[in-house]
Amino acid sequence: MHYRYSPSVLTSFPQLQSRGLLIDGINRNADPNAAMSQLTAIAKNRLAHATEGEFPEIKAWRRAFSAMGYKPTQYRCASEALLRRFRMEGSLPALHPLVDLCNATSLAFAIPVAVFDVEKINGILSIQHANGDEVYEAFSGTTESPEQGEIIYADDDRRAHARRWTNRQSGWSAINSETKTALIVTEALHETAQQDTDKLINSLMTTLKQLWPASKITQVVRHDF
């Protein structure tokens, strides 16, 4: 399983840092609560001193969304949306052990972490500008087409697995109780993005091995266009 970026995305955002993991052998039986408590404590401490919009990680994504023509407070990157909800509600809903862990990791690092069911992806997952004829399935089950030029995650079937880059994933490839293999992708644009994404991936790998000791976990190498 590979993922890649189009030249147009890399040219527009040369500061992009991205890391990927592939985990094979997951189930719903793991209990991530101990790890999540440590991660959410980090987020809680940061939010006690500043709102998420003041974090350098989030500021960088807001600049990117503005560059893409979006109002940053209308379309937020996934980590900002999670931090905002966590700040206002004090918790996040329990969905699946892997998703919950990745959400908590995103909170702690203020960096988007996307998780995809590999069985729902055909071919290579590409982060690219949309043609406008791709199919995106929302969590409600309704379908829509991305706007032409919008940055999306797309597979070889021209199915969009995320819209507006890190704004909204698709229900089609969401992790569920039957998922066995998942692709995890994290992306950052801020000044210390390289070291922070490395730390995030190392932290995540350690916890994944603890929660699913029988699983196979490998770092995914990007294969750009």
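## Strand β3 and its partner

β3 and β10 run antiparallel and are joined by five bridges; strands here are DSSP runs of E with at least two residues, helices are runs of H or I with at least four, and both are numbered from the N terminus. The model is predicted, so local features need pLDDT of at least 70 and side-chain atom pairs count only at pLDDT 80 or more, while totals for chains, interfaces and linings use all residues. Residues are numbered from 1 along each chain as its sequence is written, and side-chain values use heavy atoms, with hydrogens and water left out.

## The open sheet

The order β3-β10-β2-β11 describes an open sheet of four strands with antiparallel pairing; two strands pair if DSSP finds at least two bridges between them. β3 and β11 (216–220) are at the edges with a single partner strand each, so one side of each lacks a neighbour in the sheet. From one strand to the next, the twist averages 20°.

β2 (residues 17–24) pairs with β11 in the antiparallel sense over five bridges. In that pairing D24 is opposite K216 of β11. Helix α5 (residues 97–109) packs on the sheet and touches β2, β3 and β10, where contact means heavy atoms within 4.5 Å. The direction of α5 makes about 165° with that of β3; axes are lines fitted to C-alpha atoms, for helices over the stretch in contact, and angles run from 0 to 180 degrees between N-to-C directions.

## Nonpolar cores

The largest nonpolar core has 36 residues; such a core is a set of buried Ala, Val, Leu, Ile, Met, Phe, Trp, Tyr and Cys residues joined through side-chain atoms within 4.5 Å. Y5, L83, I127, Y153, W165, L183 and L189 have the most contacts inside this core. Elements giving two or more residues to the core include β1 (3–5), α2 (33–47), α4 (78–89) and β10 (181–188). The largest share, five residues, comes from α3.

Beyond its neighbours within four places in sequence, Y5 is in contact with residues including L10, I127, W165, V185, R222 and F225. A second, separate core has 30 residues, among them C102, A104, A182 and A193.

## Packing of α2 on α4

The axes of α2 and α4 are 11 Å apart and meet at an angle of about 80°. α2 is therefore roughly perpendicular to α4 (65 to 115 degrees; under 35 is roughly parallel, over 145 roughly antiparallel and the rest oblique). T40, A43, K44 and L47 of α2 make the contact with L83, F86 and R87 of α4. These residues divide into four nonpolar, one polar and two charged; Ala, Val, Leu, Ile, Met, Phe, Trp, Tyr, Cys and Pro count as nonpolar, Asp, Glu, Lys and Arg as charged, and the others, Gly among them, as polar.

## Residues with positive phi

Most residues other than glycine have a negative phi. A110, in the loop between α5 and β3, has a positive phi of about 55°. A110 counts as buried because its relative accessibility is 0%.

W165 is in the loop between β8 (159–163) and β9 (168–169), and its phi is positive, near 60°. W165 is buried at a relative accessible area of 1%.

Technical notes: Buried < 20%, exposed > 50% of the residue type's maximum accessible area, 1.4 Å probe, protein only.
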